[in-house]
Amino acid sequence: LVDDWSKRRFNQYWNQSIAINNSDDIQNERADEILKFSQLVKAELIRGDRIIIEKTAGQGTTVLVNGVKLMHTQYDNMFSLFLNVWIGPRPPSSTSR
């Protein structure tokens, strides 16, 4: 939805959104996975790039960027942690990127 998204802005957005929309308990439980996620993007994302976060019941959560699996965790609750970024108490505004 934006023309470009730098690695720094991507990480700022996700780290802030995860922090304000998830409990301290879940953030502490999944701290290693959150850190791993923040290290996935190695370069600027551009219009047309796709980030897919999918949950497979009983198998965990997978993150793909442009069809390439970059992260898998056995924890189903990682999907909820990511989903809360959009539907949590403070979802992104229309001006966020």
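Visitor: Why are helix 1 and helix 3 called roughly antiparallel to each other?

Guide: This is a predicted model, in which local features need pLDDT of at least 70, side-chain atom pairs count only at pLDDT 80 or more, and totals for chains, interfaces and linings use all residues. Residues are numbered from 1 along each chain as its sequence is written, and side-chain values use heavy atoms, with hydrogens and water left out. The axes of helix 1 (residues 7-21) and helix 3 (residues 31-38) cross at roughly 155 degrees and come within 10 Å. Axes are lines fitted to C-alpha atoms, for helices over the stretch in contact, and angles run from 0 to 180 degrees between N-to-C directions. Angles under 35 degrees count as roughly parallel, over 145 as roughly antiparallel, 65 to 115 as roughly perpendicular and the rest as oblique. Helix 1 and helix 3 are therefore roughly antiparallel.

Visitor: Which residues in helix 1 meet helix 3?

Guide: Phe10, Asn11, Trp14, Asn15 and Ile18 do, and their counterparts in helix 3 are Ile34, Phe37 and Ser38; contact means heavy atoms within 4.5 Å. By class, this contact of helix 1 with helix 3 has five nonpolar, three polar and no charged residues. Here Ala, Val, Leu, Ile, Met, Phe, Trp, Tyr, Cys and Pro count as nonpolar, Asp, Glu, Lys and Arg as charged, and the others, Gly among them, as polar.

Visitor: What makes helix 1 roughly perpendicular to helix 4?

Guide: The axes of helix 1 and helix 4 (residues 77-87) cross at roughly 90 degrees and come within 8 Å. That angle makes the two helices roughly perpendicular. Tyr13, Trp14, Ser17, Ile18 and Asn21 in helix 1 meet Leu81, Phe82, Asn84, Val85 and Trp86 in helix 4. The contact of helix 1 with helix 4 has seven nonpolar, three polar and no charged residues.

Visitor: How many helices and strands does the chain have?

Guide: There are four helices and five strands. Helices (H or I, at least four residues) and strands (E, at least two) are DSSP runs, numbered from the N terminus. The elements run β-α-α-α-β-β-β-β-α from that end.

Visitor: How do you know that strand 3 and strand 4 pair?

Guide: Two strands pair if DSSP finds at least two bridges between them. Strand 3 (residues 51-56) and strand 4 (residues 60-65) have six, in the antiparallel sense. Ile52 stands opposite Leu64 in strand 4. Three residues lie between the strands of this hairpin, and Gly58 takes a positive phi near 80 degrees.

Visitor: What about strand 4 and strand 5?

Guide: They pair over five bridges, again in the antiparallel sense. Thr62 stands opposite His72, and Val63 opposite Met71. Their hairpin has two residues between the strands, with Asn66 in the turn at a positive phi of about 55 degrees.

Visitor: Why are strand 3 and strand 5 said to stand at the edges?

Guide: The open sheet has the order 3-4-5. Strand 3 and strand 5 (68-73) each have a single partner strand, so one side of each is left without a neighbour in the sheet.

Visitor: What value does the radius of gyration have against that of a compact globule?

Guide: The rule, 2.2 Å times the number of residues to the power 0.38, goes with a radius of gyration taken over C-alpha atoms. For 97 residues a compact globule would have a value near 13 Å, and the chain has 13 Å, which agrees.
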